[in-house]
Amino acid sequence: MRLARAVDAFLRHITIERGLSAHTVAAYRRDLTGYLDWLDEHGVDDTDAVTGELVTRFAAERAASDPPPASTSLARLQSAIRSFHRFLAREGIVTEDPTTKLRPPKAPMRLPKALPVEDVLRLLDAAGPAPEDAAPGELVGLRDRALLELLYATGARVSEIIDLDVDDLMHGEVLRVRGKGSKERIVPVGSYARVSVDAYLTRVRPELSRRGRATPRAFLGARGAPLSRQSAWLVIQQAAERAGITAHVSPHTLRHSFATHLLQGGADVRVVQELLGHASVATTQIYTHVTVDALRDVYLTSHPRAR
């Protein structure tokens, strides 16, 4: 089979059967397009002609390019190639998988950046007023406060929050979140977030909804359209600036802070894994290093014989 046709079949598979997000599918498409271009330059345009040696050479050349790619980008590229060739072997399009000896790059362990609890509280206050303090006609501030309260209360990804429909928010103390691969998980919602979300739904969203076309999406922009990831990112950046927080803050910062604060409070790592929607506990365990570092800092500054 021609490689271009095989890639199209693979992308349809991960879109329809595996239910991967449009963002993930687009990333796979970009990576595989570069891979096919390289194979074409080497005179290969058929699935049966791809060998393990070619795959290894491609990966080595990409790793040695100038400037070198980030380890995460290289790992994603190799993951796309492995998934593609495994799909071909599983479907019987090829007899052998040429990526069996491809070794993923070793990524450096990067500890997630979490805000101290007091900084999170300042960020929430800077986003907008609490419902009981909001002035009549306050719209954007109440929406922004509800958005950030929900991000911090659930640890959800920003894409998961902005994709919520109104009906998803009507379950009281829990939230049904659709994560990667369309997998659903149930996450508790704390009282502060529930109050802010209820105020937004009853006092703000009806007005925003009248400004645009009807949509089931819960969080709307000023013109009534569904709130975008870029707009959510800007909301957090502006709140951080107003709060005087100099550290880099993004939607993922609230997810990191959620996990770190739970573990610091004594939560079991497997419970945090379930709340975050991680497929493997190994992904969640990186947060345990954060809490160990915090314990070490307290010990070194507090114990009279620590140094």
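The following paragraphs describe the overall build of a predicted model and then its nonpolar cores. Residues are numbered from 1 along each chain as its sequence is written. Local features need pLDDT of at least 70 and side-chain atom pairs count only at pLDDT 80 or more, whereas totals for chains, interfaces and linings use all residues; side-chain values use heavy atoms, with hydrogens and water left out.

The chain contains 14 helices and two strands, taken as DSSP runs numbered from the N terminus (helices: H or I, at least four residues; strands: E, at least two). Its C-alpha trace spans about 65 × 65 × 35 Å along the principal axes. Of the 307 residues in the chain, 43% are buried, that is, under 20% relative accessible area with a 1.4 Å probe, protein chains only. Among contacts (heavy atoms within 4.5 Å) between residues at least 6 apart in sequence, 58% join residues at least 24 apart.

The largest nonpolar core has 51 residues; such a core is a set of buried Ala, Val, Leu, Ile, Met, Phe, Trp, Tyr and Cys residues joined through side-chain atoms within 4.5 Å. Those with the most contacts inside this core are Leu123, Leu147, Leu148, Leu150, Ile161 and Phe219. Among the elements that each supply at least two of its residues are helix H5 (117-127), strand E1 (174-178) and helix H10 (229-243). Helix H6 gives the most, with seven residues.

Leaving aside neighbours within four places in sequence, Phe219 is in contact with Arg143, Ala146, Leu147, Leu150, Ile161, Tyr200, Ala225, Pro226 and Leu227.

Definitions and conventions
Buried means under 20% relative accessible area, exposed over 50%, partly exposed in between (1.4 Å probe, protein chains only).
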